[in-house]
Amino acid sequence: MAFVSQLSQFTLSAVTPKTQFTPRASVFAPNSVKIGAKRIEKTRIWTGELVRERPSFRVRAGSEEELGPEEEEGPAVAVAEVEEEVKPVEPSEIDRLKKALVTSFYGTNRGLSATSETRAEIIELITQLEAKNPTPAPTEALTLLNGKWILAYTSFAGLFPLLSRGTLPLVTVEEISQIIDSENFTVQNIVQFAGPLATTSISTSAKFEVRSPKRVQIKFEEGIIGTPQLTDSIVIPENVEFLGQKIDFTPFKGLINSVQDTASSVAKTISRQPPLKFSFSNSNAESWLLTTYLDEELRISRGDGGSVYVLIKEGSSLLTA
C-alpha cells in the first residue's frame, strides 16, 4: 500500500484499556509501527477486532533517530516541555547614563538651584553622553527633532531671572517647553506660569535654517503673552514660605471668599481678550543652536554663549524618573 510506506516516518502511540482481539493475519508490508510501549517489526502485523473500546491514537512525525530508543515495557510517560527562561534585558550604557543624568537634576529647579558640585557632575554625564551620541547628524534626522520637548536643565544664565519668578509667593513656573515643527522649520518656546488667581504663558516663535549636520540658525520673529486664564474659585494655601519665612494666609481667607464673585466676572472678561504680541529687535533676533546628543527621548543642545540645554521628549518615562 502506498500510504503504508509514508507512515514509516511517524510514531504511532496508543493508550487503551485492556481489550480482547480476535487475531487474524494482515497483508501489510513490513514497517516500523509503535503501539503503546511495544515495537513490532515483523513481516506481518497482527490486527484484531475491538471488543470493548476503540483505542485512541496520537501521531507524531519524526525520523527514527529523532524519536530515540524505545522502552520495552512500562506505562506511558508524559514528557514536559521545559521552556527556556527569558532573562531580562540589561540596560545599555547609554540608558544608565541618561537615568543618572536625569536623577542629578533633582532639586536643581532646572539648574537655577544647582550647586557647583552638582553642575560639575551634570557636565561630566553630559560629556559622556555626547561621546556616545547615536545620531551624529541631528539635522539630517528631523523626524527625531520633531515634537514637544520639556526643558529639564539649563546653564543659560539668561533664563535664571525667569526661573527665579517661581520662587515668589504663590507663583510657579509650571513648564518650559520647545515645540519643533520640522516640516515648516519653525520653533516655539513656551513658558507656563501658574498662580492662585490665574494661569498664563509667554511664548516666542522663530524660524530655523540648517547650517551643518549639527547646527541650526534660529531667527526669532515675535513673542506672545497669552491671555491670563483666571480661576473661578480662588484657592489660597494656609501658608507659604518666602525667603526662609513662613507667611500665614489664614486671616485672608474670609476676605478672599467675599470677592470670588467679582473674580469670576473678571475672569470671563479677560479671557475674551486676544493675546498680546510683541516683536524682537534685530540685535536680539538671531541665535544658533548646536545639537550634541539626540535620540527618541533625550536631546542635548549647546547655545552660542556656551550654555547647555537638556530637554526630554513629551511622554517619555524620563519625565517621571
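In this predicted model, strands S15 and S16 form a hairpin with 4 residues between them. Glycine 306, located in the turn, has a positive phi of about 85°.

Strand S15 covers residues 298-303 and pairs with S16 in the antiparallel sense over 5 bridges. S16, comprising residues 308-313, also pairs with S5 in the antiparallel sense, again over 5 bridges.

| Residue | Bridge partner in S16 |
|---|---|
| leucine 298 | isoleucine 312 |
| tyrosine 153 | valine 310 |

Of the 6 residues of S16, 6 are buried, so the strand is largely enclosed by the rest of the structure. Val308, Val310 and Ile312 point one way from S16, while Tyr309, Leu311 and Lys313 point the other way.

The search of the whole structure returns 3 aromatic pairs. One of them joins phenylalanine 156 and tyrosine 309, whose ring centres lie 6.1 Å apart; because their planes meet at 50°, the pair is tilted. This pair links distant parts of the chain, 153 residues apart: phenylalanine 156 lies in the loop between strand S5 (147-154) and helix H6 (160-164), and tyrosine 309 in S16. Phenylalanine 156 is partly exposed at a relative accessible area of 35%, whereas tyrosine 309, with 18% relative accessibility, counts as buried.

A further ring contact involves a charge: the charged end of arginine 299 sits over the ring of tryptophan 149, 5.0 Å from its centre.

Notes
Residues numbered from 1 in each chain as written. Predicted model: local features only at pLDDT ≥ 70, side-chain atom pairs only at ≥ 80, totals over all residues. Heavy atoms only, no water. Phe/Tyr/Trp six-rings, centres within 6.5 Å; stacked < 30°, edge-to-face > 60°. Helix = DSSP H or I, 4+ residues; strand = E, 2+ residues; numbered from the N terminus. Buried < 20%, exposed > 50% of the residue type's maximum accessible area, 1.4 Å probe, protein only. Lys NZ or Arg CZ within 6 Å of the ring centre and 35° of its normal. Pairing = 2+ DSSP bridges.
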